[in-house]
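Subject: Structure handover

Hello,

Below is the structure I said I would pass on.

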Amino acid sequence: MPELPEVEVVKRSLEKNIINLIIKKVIINTNKLRYKIEKKKIKKIITKKILSIKRRSKYLIINLENKKSILVHLGMTGKFFIMNNDNKTKKTSFYYELNQGDEKHNHIIFHLSKNTKLIYNDVRKFGFIKIILTKDLLENSHLKLLGPEPFSKKFNLIYFKKYIIRKKRKIKDILMDQNFVSGLGNIYVNEILFFSKINPKKSVEKLKSGEILRIIKFTKKILLNSIRKGGSSIKDFNDGLGKKGVFQQEFKVYSREGKKCHRKNCSELIKKFNISNRSTFYCQRCQK
DNA sequence: CTTGCAGCCTGAATGC
DNA sequence: TGCATTCAGGCTGCAA
């Protein structure tokens, strides 16, 4: 599932592969992702050059020369493939593999110059692609209310304390809230709380400064580490039908229900329960 | 204002 | 074996 690190690696892959290329043609195989594709707007980006790629939270922004931008969210299963003139499908990130039969879910295909194709594939169609004016990005409803990026200086102790004041929500809930801090999803939040030794159920009003500082520190550390590993695993843009470029992510708690806690000298089994209808994994001995 | 939750979608895993 | 059900997940928009 693409969270901030996965999306960041897509961004870097796209930067390497499609900058300065021109959009020649766009094939729409599936008209409706999360939102209906506006064909009129798609028409207007034909012949335009791709100037830059940005990321905000889990969103990708592809800036074009005609003052328009393509705003992309990958949802749960969205992924971009690149195809060059060798006709081999290549991955743009580390969170998925290439499989036979993927083409079935190739919903949108951008034909670019230099015989390059950018393919949007999405099994569950939770993602979306919208064309908007670049100048309207900041006011866009998807982006407007997003909290600070986890790496930014704004995500600090003072901000944290101010946000949670008089709130009684669980810490896991707050970390999942994109308006508090943007880019985290269920997997990384589980991991962050394990490393921070905080019980996901803990009410934010009970958090001590030291605990908050741990959360902030590990958030940055865990995300950075994933970007680094994931980025290096696909740096050669291998087609995943071989085994190269596959980075098996290792999680400490996520999806490890009933397995032994990885912390030294702890033999507790990882427990699973729901918070806000999301799977939550933790070690009840290590996380208080 | 804040918080909670249904619904969008498909395929894999599980249940009977 | 095969059919039916459940689960996974981010985000929006509405209800309480």
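One phosphate contact to start with: a polar side-chain atom of Lys 125 lies 2.8 Å from a phosphate oxygen of DNA strand B. A polar contact here is a pair of N or O atoms within 3.5 Å; within protein, one must be able to donate a hydrogen and the other to accept it, and residues adjacent in sequence count only if both atoms are side-chain atoms.

On conventions, this is a predicted model, in which local features need pLDDT of at least 70 and side-chain atom pairs count only at pLDDT 80 or more, while totals for chains, interfaces and linings use all residues. Residues are numbered from 1 along each chain as its sequence is written, chains are lettered from A and ligands numbered from 1 in the order in which they are written, and side-chain values use heavy atoms, with hydrogens and water left out.

DNA strand B

Two further side chains approach the phosphates of DNA strand B: an N or O atom of His 105 is 3.1 Å from a phosphate oxygen, and a polar atom of Arg 169 is 3.4 Å from one. The residues around DNA strand B are Arg 34, Lys 104, His 105, Val 123, Arg 124, Lys 125, Phe 126, Lys 167, Arg 169 and Asp 173; to be near, a residue needs a heavy atom within 4 Å of the strand. By class, this surface has 7 charged, 2 nonpolar and 1 polar residues (nonpolar: Ala, Val, Leu, Ile, Met, Phe, Trp, Tyr, Cys and Pro; charged: Asp, Glu, Lys and Arg; polar: the others, Gly among them).

The five-stranded sheet

Helices (H or I, at least four residues) and strands (E, at least two) are DSSP runs numbered from the N terminus, and two strands pair if DSSP finds at least two bridges between them. An open antiparallel sheet of 5 strands has the order S1-S7-S8-S5-S6. From one strand to the next the twist averages 25 degrees. Helix H1 (residues 4-18) packs on this sheet and touches S5, S7 (106-112) and S8 (116-122), with its direction at about 25 degrees to that of S5. Contact means heavy atoms within 4.5 Å; axes are lines fitted to C-alpha atoms, for helices over the stretch in contact, and angles run from 0 to 180 degrees between N-to-C directions. S5 (residues 78-83) is joined to S6 by 3 bridges, and Ile 82 stands opposite Lys 90.

S2 (residues 50-56) and S3 pair antiparallel over 6 bridges, with Lys 54 opposite Ile 61. Their hairpin has 2 residues between the strands, and Ser 57 in the turn has a positive phi of about 55 degrees. S3 and S4 are antiparallel over 5 bridges, where Leu 60 is partnered by Val 72. In S3 (residues 59-64), 6 of 6 residues are buried (under 20% relative accessible area; exposed is over 50%, partly exposed in between; 1.4 Å probe, protein chains only). Tyr 59, Ile 61 and Asn 63 point one way from S3, and Leu 60, Ile 62 and Leu 64 the other.

Ser 69 sits in S4 (residues 68-73) and counts as buried because its relative accessibility is 0%. Its side chain makes a polar contact of 2.7 Å with that of Thr 134.

Regards
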